[in-house]
Amino acid sequence: MDLLRGLAILLVVAFHSVTILSRVDLVPPAWLKEITDFFALYRMPTLMFLSGLLLPKSLKKGSGTYFLGKLRSVWWPYLIWSAVTAIVFSRDGGSVSAIFSLLNAGSYLWFLYFIGIFYFVAYLVKSFNFFVVGAAIFGIAVLVSFGSPGIVVHTRMFYLMTFFFLGAFAGRHWDAFLALTDRRESLFAAVVAAIGGAFAAYFDFKSGPAFIALTLAFVIAACHLSRKVVDHRWTHLPNYVGRNSLKFYVSHFPAIYLFDVMAVRLGVTNTDIIVLASIVFALSVGLILSVAAERSKAVQWLFAVPNFGKPAAVRPANA
């Protein structure tokens with residue numbers, strides 16, 4: 001869980017290190033864009049699947065604890081870092097419509113917005129078979145995808161919700177899921193996912209319902225391979241990022257942007273240097289915040305409302 005979530009967050013950081021360059025009028029290096037495009041079909045669906053894996057355990061905590069937990073660790077950091085976004089990017093906050101636009105999945109924080117909605121929907125359908133729920137939502141995603149371009153965000157929302165509930169189904173049948181991912185046939189899924197990633201990079205495919213088979217193949221292959229390497233030394237960093245995914249996720253985007261602005265003002269124009277250095281800077285910021293949150297209630301407020309009187313333990317938003 002931690003390894004895959006950490007790797008997915010690292011891919012998100014790399015992706016945004018490329019896209020944010022356009023905000024400072026620079027063209028991203030082709031080699032890194034190809035790498036990030038390779039994973040374009042897989043990044044966010046995998047994160048949603050992993051979030052869904054934890055849903056059955058979360059639902060067992062009782063209604064009050066369940067909803068309070070989501071308010072504390074999903075909607076609270078969403079509001080806090082939406083405010084940070086408005087300040088860093090000079091977003092208009094002087095009108096109700098501007099504020100609504102920002103809070104209505106109008107920034108890089110849309111993942112938290114979506115997952116907050118998914119948790120609410122999950123409570124309403126908790127007594128149903130999550131595989132059936134996921135299949136029904138996928139049908140909605142397909143239907144919405146034929147609509148006007150103006151509802152594309154809803155296509156993405158329903159498509160990603162599909163993986164959330166498929167993950168929840170796997171979480172309810174954990175032993176069977178592990179048995180599936182441990183099969184040697186999972187290596188065939190890895191080959192399929194690799195071919196799909198190569199096509200996505202070459203043809204600039206975007207994640208969507210048409211590629212669900214490829215994405216499921218990637219999820220299965222990733223789960224299989226992660227269980228083989230989880231104890232290797234090189235996994236320490238992604239494991240740590242995975243355990244503190246919320247801190248790295250919410251802080252990386254403004255960190256990369258501010259670094260790029262500073263680099264341009266200092267006259268640095270080599271994009272290879274800028275993107276690599278911005279990734280290191282963003283991860284350093286996430287690391288500092290993660291360590292600080294372990295020691296300070298004040299820093300914890302940036303990511304969740306602390307449990308006063310209890311041992312400090314700030315869990316990621318999708319826990």
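How are helices H1 and H3 oriented to each other, roughly parallel or roughly antiparallel? The structure is a predicted model, in which local features need pLDDT of at least 70 and side-chain atom pairs count only at pLDDT 80 or more, while totals for chains, interfaces and linings use all residues. Residues are numbered from 1 along each chain as its sequence is written, and side-chain values use heavy atoms, with hydrogens and water left out.

Two packed helices are described by the angle between their axes and the distance between the axes. Helices here are DSSP runs (H or I, at least four residues), numbered from the N terminus. The axes of H1 (residues 2–19) and H3 (residues 43–53) come within 10 Å and cross at roughly 150°. Axes are lines fitted to C-alpha atoms, for helices over the stretch in contact, and angles run from 0 to 180 degrees between N-to-C directions. H1 and H3 are therefore roughly antiparallel; angles over 145 degrees count as such, and those under 35 degrees as roughly parallel. Their crossing is left-handed (the near helix is turned anticlockwise from the far one by less than a right angle). H1 contributes Leu4, Arg5, Ala8, Ile9, Leu11, Val12 and Phe15 to the contact, and H3 contributes Arg43, Met44, Leu47 and Leu50; contact means heavy atoms within 4.5 Å. Of the residues in this contact, 9 are nonpolar, 2 are charged and none is polar (Ala, Val, Leu, Ile, Met, Phe, Trp, Tyr, Cys and Pro count as nonpolar, Asp, Glu, Lys and Arg as charged, and the others, Gly among them, as polar).

The structure holds 35 aromatic pairs, that is, rings of Phe, Tyr and Trp (its six-membered ring) with centres within 6.5 Å; planes under 30 degrees apart count as stacked, over 60 as edge-to-face and the rest as tilted. One of them is the edge-to-face pair of Phe39 and Phe218, at 6.3 Å centre to centre and 75° between the planes. Phe39 lies in the loop between H2 (30–38) and H3 and Phe218 in H12 (residues 212–229), so the pair ties together parts that are 179 residues apart in sequence. Phe218 is buried, at 17% relative accessibility (buried means under 20% relative accessible area, exposed over 50%, partly exposed in between, with a 1.4 Å probe and protein chains only).

Thr235 lies in the loop between H12 and H13 (236–243) and is buried, with a relative accessible area of 0%. Its C-alpha atom is separated by 9.7 Å from that of Asp2, 233 residues apart along the chain.

Definitions and conventions. Helix = DSSP H or I, 4+ residues; strand = E, 2+ residues; numbered from the N terminus. Parallel < 35°, antiparallel > 145°, perpendicular 65-115°, else oblique.
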